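Please read the following report alongside the sequence and the coordinates. It concerns the interfaces of a complex, both within one chain and between chains.

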Amino acid sequence: MSKYVDVIIAGFGGQGVMLIGNLLAYAAMEQGLNVTYIPVYGPEMRGGTANCTVVIGEEEIGSPIIFNPLSLIAMNRPSLDKFQPRVQDNGVLILNSSLVEPSLAEKNRLKAYAIPVNELADKLGNLRLANMVALGAYVQATGIVPLQAVKNALPNVISSHYAHLIPDNAKALQTGYDYAQNQGTV
Amino acid sequence: MKEKIVFPKPKVLADSPMHYCPGCQHGTAHKLVAQTLEELNLVEKSICIGSIGCSVFIYNYLLVDTVEAPHGRAPAVATGVKRAKPDKIVFTYQGDGDLASIGLAEIVHCANRGELVTVIFVNNTVYGMTGGQMAPTTMVGQKTTTCPGGRCREREGEPLKMAEMIASLGGTAYAARVAVNNIKNLKKAQKAIANAFKVQVDKLGFGFVEILATCPTNWKMTPLQANKRIEQEMIPYFPLGEFKNCLGENQ
Amino acid sequence: MTKRMFVKGNEAVCWGALAAQCKCYFGYPITPQNDIPEFMSKELPKRGGVFVQAESEIAAANMLLGAVASGVRAMTSSSSPGISLKQEAISYMAGSELPGVIVNMNRGGPGLGDIGPSQGDYFQATKGGGHGDYRLLVLAPGTVQEAYDLTIEAFNLAFKYRNPVMILGDAILGQMKEPITPKDPVIDDSEVHNWCLDGAQNRPSRIIKSLYLEDGALAAHNLKLAKKYEQMAQEEVRFEEFLTNDAELIVVAYGSIGRIVKTTIRKLRQAGHKVGLLRPISLFPFPKEILLSLAKAGKKFLTIEHNLGQMVEDVQLAICKFATTDFYGHLPGNLPTPNDFEQPILNSLEK
Ligand SMILES: Cc1ncc(C[n+]2csc(CCOP(=O)(O)OP(=O)(O)O)c2C)c(N)n1
Ligand code: SF4
């Protein structure tokens, strides 16, 4: 079957979920794949979660909005509560274990990775890199695009104002990737 | 020492948290209007005309009868309400995009006809709700999302001075500009709003108060910085004061 | 291959307009299309073009009328409440045969509605919208690439027919990002000099107007317009057919809903259900012929829209000799997903 994956990336506003959604999509585009990215704003923005959906495939993409995704990156508890039940069986879950109890992962049904993204980012010296750590882990878990492609895409989604942070972002991607590889699923 | 509340919450103001951003002065403006309605004993005969902008949910906070007007048309809707129910107290609450851009014709003609209504006009120099685009009141040089290089006098003209413009119209009985950036100005603002309602009660003509207000979010400032900007940048260009007052003592 | 760009639908419209050599943009802020004026305020002046934030949509549309009367390629954009305000000028442009391009990123209504996606403006877009007996050419992109391509087309068609053209998208199309492959279209506006207003130098003066008071003049004018609409119906019908050949049931859906339904159809196909999609791309002229021939072939029909039933009337009219169409309407206020359409399609299939 042709390559296809879709993912909902969700967290608090400010956790940078839109940025990693963009980054993943951009990297996939540069790999010659079809891709859609849609941010979801609305009343949810104010209090709880912000989320976006990325669809990547070899075939032309139909819906950019997915109810039952193949994968989920949950950066906080409300996101896990809302979206985990919707993830398809055998799907991939990246869970931010810095903020969410790993035992909440439906590990019998999903390939669940518990990644302490906040701690890992903190160790790198910048808590705001947590989103990149999560994406690095996701790329390892799904193999949808090479990690290098994601790193290469960084300058295209990070505003020139923060260009000096690109090497740190690349390091954070690698950290997440390595962590997922070493720890495996829960 | 016993604590004394100098700025109590009016009853007509709902007990719910407001959706405004931290440091936004829409909330203060709501409170001033609420206080005036209570002080003048107008709550039960007031009809509010809401407008389209960040204050679109005013009906959730100010518990008086309210109708939502299309963007900019509040003064026309107010005219309709007042003409149909002359014994009611009718007021609009509008932002600067709403009143000074798309609704400029409606506000000018409403004032010029001397409609017995009161207009509360919140000037924060941007379109707040839609994400910080240029407003007719945007200061020269001020950067917004639709004048990314800063407002340019030659291209976009100078910021409109609404209070002065409205004061120049025959039907206007009261026009003032106020700020709510410190206690002194707040007190004056309170008085101006009361006057703008009194001219309606006394059937003297159209009442108008322009309130200079912060929009920290779209100014990309902290609430404190935004409040400072009112003093340092806005007031020098938009002078505070009464530009017309036909109430008894001044006639 | 030209390098692909990863852009929002709103931005794709702008890139398309730039590629089509749009020189003037007039707009007024309204969600969910603010990216368009914001982009144009940055990019048009750099290219020697003009950006004006008008005092209202009424003014923006009339600025457009003025700019295109001078023969220049120009555009305005808005979302539903703002498009209502543009109707006066749109009617005048249709009556005066002026090639304005109007973009509507449809949001929920009526009135202020919400800022989410909706297809509630189908009637307004395709049946005239303003006063008088006229039509716009209406193009409804389903993908970001189409938003780009059809915007280029919109300018070409506007000038080909000297008629306003509308791009009808929605909040989904405006906000979603996809790769687009940019183009370098050839623009031929040699005809423009035969009608535009550029000063009566070495030629008689010209009048651009919609007022026809002399006996029979307005009738003749209306017939002339009708001929254009007929020619559009001959030459400008656009649609996408997806797995219709062996399908028992044809789902008719346009724009974002069309592509969301496509995913539903793929899934149902995997389960062995014979369903296909007809996605109108030109909403006026409407793809009647293809629908008629599908109806003749004995297919069943289900029209799906993001409203309570508007295009379904055009579908029904097109197929009425041979078939009837079911209808499923997705309500505004929540994002439609492929799951929402599974059961309605199965229901129609089993009927
Ligand atoms: C006809 C129409 N055009 C545009 C809009 C979008 N819109 C909503 S609020 C607004 C302006 C808000 O700015 P302002 O009046 O300054 O009030 P603020 O949000 O700053 O308080 C606009 C343009 C609309 N609702 N209707
Ligand atoms: S955007 Fe500006 S005007 Fe609107 S609530 Fe926030 S601070 Fe107030």
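Predicted model: local features only at pLDDT ≥ 70, side-chain atom pairs only at ≥ 80, totals over all residues.

For chain C the average pLDDT is 97, and 100% of the residues score at least 70.

**Within chain C**

Chain C is divided into domain 1, which covers 5–198 + 223–235, and domain 2, which covers 239–350. The C-alpha centres of domain 1 of chain C and domain 2 of chain C are 26 Å apart, and the contact between them involves 31 residues of domain 1 and 26 residues of domain 2. Domain 1 of chain C and domain 2 of chain C bury about 2,300 Å² between them, with 55% of it on carbon and sulfur atoms. On the domain 1 side, C:Gln119, C:Tyr122 and C:Phe123 supply 32% of the area buried against domain 2 of chain C, which is more than any other three residues supply.

Between domain 1 of chain C and domain 2 of chain C there are three salt bridges, and 15 residue pairs are in polar contact, both residues being at pLDDT 80 or more. One salt bridge in chain C joins the side chains of C:Lys127 and C:Asp314, at 2.7 Å from N to O. Among the elements that each supply at least two residues to the side of domain 1 of chain C touching domain 2 of chain C are helix H5 (122–126), helix H6 (144–161) and helix H8 (217–235) of chain C. By class, that side of domain 1 of chain C has 18 nonpolar, six polar and seven charged residues.

**Between chains**

Two pairs of chains touch, and the most contacts are between chains A and C. Chain A and chain B do not touch, their nearest C-alpha atoms being 9 Å apart. The table sets out the two interfaces of chain C with other chains.

| Interface | Residues in contact | Buried area | Salt bridges | Residue pairs in polar contact |
|---|---|---|---|---|
| Chain C and chain A | 21 residues from chain C, 25 residues from chain A | about 1,900 Å² | four salt bridges | 13 residue pairs |
| Chain C and chain B | 18 residues of chain C, 16 residues of chain B | about 1,200 Å² | zero salt bridges | 10 residue pairs |

Of the area buried between chain C and chain A, 57% is on carbon and sulfur atoms. In chain C, the residues that lose the most area to chain A are C:Arg4, C:Phe6 and C:Arg266, which together account for 29% of what that side buries. C:Arg266 also forms a salt bridge with A:Glu60, in which the closest N and O atoms are 3.5 Å apart. Strand E1 (5–8), H7, strand E8 (177–180) and helix H9 (255–270) of chain C each give two or more residues to the side that touches chain A, and the largest share, five residues, comes from H9(C). By class, this side of chain C has nine nonpolar, four polar and eight charged residues.

Between chain C and chain B, 57% of the buried area is likewise on carbon and sulfur atoms. C:Tyr28, C:Gln53 and C:Leu112 supply 39% of the area that chain C buries against chain B, more than any other three residues. The count of salt bridges between chain C and chain B is zero. Helix H2 (35–46), strand E3 (50–53) and helix H3 (57–69) of chain C give two or more residues to the side that touches chain B, with H2(C) giving the most, four residues. By class, the side of chain C that touches chain B has nine nonpolar, five polar and four charged residues.

Notes:
Residues numbered from 1 in each chain as written. Chains lettered and ligands numbered in written order. Heavy atoms only, no water. Domains from an automatic or database assignment. Contact = heavy atoms within 4.5 Å. Buried area = accessible area lost by both parts, 1.4 Å probe. Polar contact = N/O pair within 3.5 Å; in protein donor to acceptor, adjacent residues only side chain to side chain. Nonpolar A, V, L, I, M, F, W, Y, C, P; charged D, E, K, R; others polar. pLDDT = per-residue confidence, 0-100.
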